[in-house]
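Please keep the sequence and the coordinates at hand while reading.

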Amino acid sequence: MTKVMMMHKDYRSITPEGCFDRPADSKEAWSLDTKRARFIVKKKFRGLAGSRRLGQLWLALDPLFLGLVYYFVFTVIRHKTDPVSVFIGITYIRILQNALKSGYSVMPDFTGGLKIERVRTRAVILSEYLIGLFNSFFMCLGIGIIFILIFNVGIVEAVLFWLLGLLTYYFWYALGNVLSPLSIIVPDTKPIVSYFGTLMLFGSPALYTLSETSGIHRTINLYNPVSFCVEPARAAILGTTDYKLLSIEVAYVLLLILSILVIINILRFDKIRWRFSTWS
Amino acid sequence: MEVLDVVMNGEFAIRVDNLSIEYTSFQKKGLLSFARTNRFRAISGVSFEVTPGEVVAIIGENGAGKTTLLKAIGGHIRPSVGEVSTFGKVYTLSGANPGLISDMTARENVRILSSVYGIRDEQRGAFEREVEEFCELGEAYDRSYSTLSTGMGGRVGFGFTTSLTPEILLMDETLGVGDEAFRKKAEKKAEEFMGRGETILLSTHSLNLAKNFCSRGILLKSGRVVFDGEISEAVSTYLNN
């Protein structure tokens, strides 16, 4: 085994269990993997911008416009809604929808079109988590700037708003990815993801606060991960106290679930990618 | 351990051992029927070894399993049974797009991709010049890749790919690109590229190309090896079949 590590060429073993690489120079291989992860992220965001003139700015504008639409609808229907409160809720729901969709879709090609050489799974995992980081950042950016410029929200609160968005992204992305084999074996489940996103939009305290819910609706939302991001963000930005309805024990359990989901996601990613490489 | 010992002795660059590959897809029989899982075996019990420096042609009719075999050796798809071992940096050349980004210029693409494919900093300048000179795109080289015609885009992809230096090269029917005037140049470049590859597995329908470049031929039929030996014999077995 020691002799193998001293060799000057890469060794690869491909079996039904996996594709196992032993690079000749592991330091260089890691450097290449980080470059490839950055490339995949760059290509993904350039692809999202497409030919639109405002490019990636649309990622920031999307929750802003959607927030404005719902703010308008809700002020007409209910005659009272705090716009900042709605903006916070809508941003997190858009992040949830985006993350769940990304996690649940096992793409035939994760590699950004790098076809000449097999891209190692660790590079793909790194790129997926970087995409989450930038996605949540851009989605919080537009509204964050408005908070700072118009509603006099502090920088620290705006950063907290993004960090809670990042947690939301990773939670739902990891959950989606752990369940993603279902999307290949039973493709009919794919639309359920968007139905679930819509359910979360109206069912979670996004367009209203937690204190406005009652009965079974309240009970469910006391365990809903979205509540644990939306209400603390509202508390930090608006000074609301709805977060006090939430239990700290449940928050710990949800954090534990998040950690477990992310670990399972990282450990199983290669298996899922490998298993479905011959499915179409 | 046994495999690693063989590797260390440098006895093979590629070893394929009892390889079988099955594809799974969904198939609907009628408009109102439910989709069913359909399994198709593309490769069955294939075994062979390629020694370092060998140039081997994989020949066979359409659907024989040539592309699937190359994808498996490149580590792109999962075998159902068996094992593939490779010793060296494996490049799969299939099609003429190594991952180019559509809204970047050809120049920017070559720069970013050369780093992604492991071209060292000190070699990057020469590498970029080689690709640019080969493409002969003039001012179009600084235009967005999406605005180039298919032929021009193909030049960039082909020029980039064939400027890399592989240790094991898996080549899948990629020798024709661009217009007639450019084709000869492309063929010459492909020859140089193949010359740089230490070990080559070439999947092709061009029997002349196989005879000119390869010393050994593996004939596939319905996913099985029906002949493995000297190239002229492999070609005549294929023609007789």
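How many residues does α5(A) have, and what distance does α5(A) reach from its first C-alpha to its last? In this predicted model, α5(A) has 30 residues and reaches 44 Å between those two atoms, close to the 44 Å expected at 1.5 Å a residue.

## Helix α5 of chain A

Although its end-to-end reach is close to the expected 44 Å, α5(A) bends by about 40° at Leu141(A). The helix is followed by Asn152(A), whose phi is positive, near 55°.

## Helix α2 of chain A

Helix α2 of chain A covers residues 26–49, which amounts to 24 residues, and reaches 35 Å from its first C-alpha to its last, close to the expected 34 Å. Its buried residues are Leu32(A), Asp33(A), Arg36(A), Ala37(A), Phe39(A), Ile40(A), Val41(A) and Lys43(A), and what covers them includes α5 of chain A together with α3 of chain B.

## Where the chains meet

Across the two chains, 41 residues of chain B are in contact with 31 residues of chain A. On the side of chain B that touches chain A, at least two residues each come from α1, β1, β4, β5 and α3 of chain B, and β4(B) gives the most, with six residues. The residues on this side of chain B divide into 19 nonpolar, 16 polar and six charged.

Strand β1 of chain A, residues 11–15, runs antiparallel to β4(B) and is joined to that strand by four bridges; within β4(B), Phe87(B) is the bridge partner of Tyr11(A).

Methods:
Residues are numbered from 1 along each chain as its sequence is written. Chains are lettered from A and ligands numbered from 1 in the order in which they are written. This is a predicted model: local features need pLDDT of at least 70, side-chain atom pairs count only at pLDDT 80 or more; totals for chains, interfaces and linings use all residues. The expected span of a helix is 1.5 Å times one less than its number of residues. A residue is buried if 20 or more other C-beta atoms lie within 10 Å of its own, exposed if 12 or fewer, and partly exposed in between; C-beta atoms are placed from the backbone. Two residues are in contact if their C-beta atoms, placed from the backbone, lie within 7 Å. The bend at a residue is the angle between axes fitted to the seven residues ending there and the seven starting there. Ala, Val, Leu, Ile, Met, Phe, Trp, Tyr, Cys and Pro count as nonpolar, Asp, Glu, Lys and Arg as charged, and the others, Gly among them, as polar. Two strands pair if DSSP finds at least two bridges between them.
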